[in-house]
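Please consider the structure shown here and follow a few of its residues through their surroundings.

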Amino acid sequence: MNKLPTKAAILQWIIDNPTQTAKRDIAKAFGIKGAKRIDLKRILKELEAEGHLTKRKKTFRDPDSLPPVSVLQVLGPDSDGDLTAKAMEWEGTGPEPEILIIPKQGDKALGAGDRILARVNKIKGAGNLYEARLIRHIGANPERILGVFRQGHEGGRILPIDKGAAKEWEVPAGAAGAAKDGELVEAELTGTKARMGLPRAQIVARLGDPTAPKAVSLIAIHQHGIPDHFPDEVIAEADAKTPAGLDGRTDLRDVPLVTIDPSDARDHDDACYAEPDMDSANKGGHILWVAIADVAHYVTPGSELDVEARNRGNSSYFPDRVVPMLPDRLSGDLCSLHEGVSRACIAVRIVIDADGQKLCHEFLRGLMKSPASLNYTEVQQAMDGNPNEKTEPFVSPVLRPLYAAYGALKKARALRQPLELDLPERKIILDDEGKVTSVAFAERFDAHRLIEEFMVLANVCAAETLIEKKQPLLFRVHEEPSQEKLNALRETAQSAGLNMAKGQVLQTKHLNQLLRQAADTDEAELINISTLRSMTQAYYSPENFGHFGLALRNYGHFTSPIRRYADLIVHRALVTAHGWGKDGLTQKDADGLKETGEHISQTERRSMMAERDTTDRYLAAFLSEYVGEELGGRISGVVKFGVFVKLDATGADGLVPVRSLGREFFHFDADSSTLMGSDSGFMIGLGQRVTVKLASTTPQTGGVELEMLTIDGQALPKGGGGGHRGRGKPVRRKEKTSKRKTDKVKRKVKRQR
């Protein structure tokens, strides 16, 4: 066939096939191949420009039709007794669709006001009439549990892995599915009880071996007590929310605010735009816009959503899942700045000069419509001269002005000198089964740094505005290091042959001088890690003690209210300070800021520990294939019971137990973080290059045990019992084998990226 269809034929296909609207689906339907696909692309762009189609990600949709799965509100029966509903999100220009609910056997009874998720189809030849079939009644949110299934004569029981769970759950005959004895399962409460008083459950997911990859993050979530189940009333409240309109808001829908996130981002809570300042008094200056999802509009003080969000404190991120602070109806929909849809926001307009110094700023409560959701990689490639189909239209009008503004902000940053640590971020790559395929070190582009710098500036603006308006808020506080930790860092630097200033008021520029001395040397990683360990832990407080690491006097988190409760508090404070509405910070919340700050600082640490434990387990599972092999690394920690080694290929930390270091006794010096052999005098300390053998891994706990082979190219002295007692030079050991094994792991990691 390979003949181009008419525009009318394409539109009719999209109406008749709402789930097959990608360009490849349309090409396949009309038999379009080869060069003709370019002509099809042109026709689709014309239909889009004419307003007949909207493009979302890689699919096209008629803007005046409902998506195949929609959230509906039941209106009740019409004059003929048929149950009707209305669409909760309708942005079409034509008449609002009429919807008839077609019940099927077994559906729960629906009444006026109920909200449902439904599959909808347009009825041919009936104008704007749709039929809807129930998928689920929104608000149905049964309690779930994670545990190990134990087979019985009839059904079985589930032993919860959560230490806080008081009871076992009984699984009646027929409710276990194909679950096997000893498997990790997820079960759903059925609402009935067994004769012994145990709650009854139905297994809804088999996760297999409790030590298997898919179980890793789930176990960490439960062990650390991270809430991963939203109560019914919270889900119902979220599902009842509807999109915000323009009332009381500044219309920002013509400002091309783009989101730039990781390619696998699950939500988009910040957007930005920049343009040259045309004011002759600010030659070379820029106007920056940062818009953040208006979560305060949807999560009001004292609501069920608010109570649950405060309880969670923040979202928790794992390689295979996210435990969100807010239900998906908000975090993945109404509060996510998706391209092509109107979204409520709080935006700040910032004017900077040619050197990146802020001249003034203004906050607005607005309604925006992002023209594009972009990712870091494609943005950087576009700026490097390789735009793709999506970024090409935005290079000149949006991306170049953003990078120009970032260039100015870099000047201000260089003058301010925040702490410049160089610690590559590990990224665990999983396959569809949850197995680790590689451990990569995440690439860092200017696109990442641009967004970070814009967000830091917006956070400063929020804090300064609230201070000026005398409005209570939660500051992000990072106090300077203690003298004890600084002394330890100074000793580490001196042992590496580096200098660190003493006897003056510490500033980040002094630490940066040390980091620059170490750059491109064997001690670089040691000095970066030691500097990080000397820092105090950041926290939230209504008292402002400044942010040492960022070298900022006033700093509050404003830019991530979807995933951090602290940012929601700042949003509410801005609402109150500007008199934007009744959904601002209440007096009760203001009075409790100290307690709230302490609570969410703790939930943040809880998430960090769970995320770290999960990463350790995944790394241990990945390394289990290399047990017995020799690998290179560097000593990253010394404690009384052994030595921690950071492996080169993966960045994983393993332990060399002190008992395996030899037959002599090793004295531990906490001040210098060293171990010294009592017979040989052999010294083991931070930063030394080592060769180790991977002795064993325990994926269930994340344990990696190593055996020390060489330190700085030298074999360990035998020590004690008549062996080598440290006289003369220690024996050198060739490290070619170790390097070959390390390179083997690195090659596999690289190959699997």
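Asn-459 touches Tyr-555, Gly-556, His-557, Phe-558 and Thr-559, where residues up to four places away in sequence are not counted and contact means heavy atoms within 4.5 Å. The model is predicted: local features need pLDDT of at least 70, side-chain atom pairs count only at pLDDT 80 or more, and totals for chains, interfaces and linings use all residues. Residues are numbered from 1 along each chain as its sequence is written, and side-chain values use heavy atoms, with hydrogens and water left out.

Asn-459 belongs to helix H11, residues 446–468; helices (H or I, at least four residues) and strands (E, at least two) are DSSP runs numbered from the N terminus. Because its relative accessibility is 2%, Asn-459 counts as buried; buried means under 20% relative accessible area, exposed over 50%, and partly exposed in between (1.4 Å probe, protein chains only). The side chain of Asn-459 also reaches the backbone nitrogen of Thr-559 at 3.4 Å.

Rings of Phe, Tyr and Trp (its six-membered ring) pair if their centres lie within 6.5 Å; planes under 30 degrees apart count as stacked, over 60 as edge-to-face and the rest as tilted. By this rule there are three aromatic pairs. One of them joins Phe-363 and Phe-558 edge-to-face, at 5.5 Å centre to centre and 85 degrees between the planes. Phe-363 lies in strand S20 (residues 358–369) and Phe-558 in the loop between strand S25 (539–541) and helix H15 (565–578), so the pair ties together parts 195 residues apart in sequence. Both Phe-363 and Phe-558 are buried.

Methods
Polar contact = N/O pair within 3.5 Å; in protein donor to acceptor, adjacent residues only side chain to side chain.
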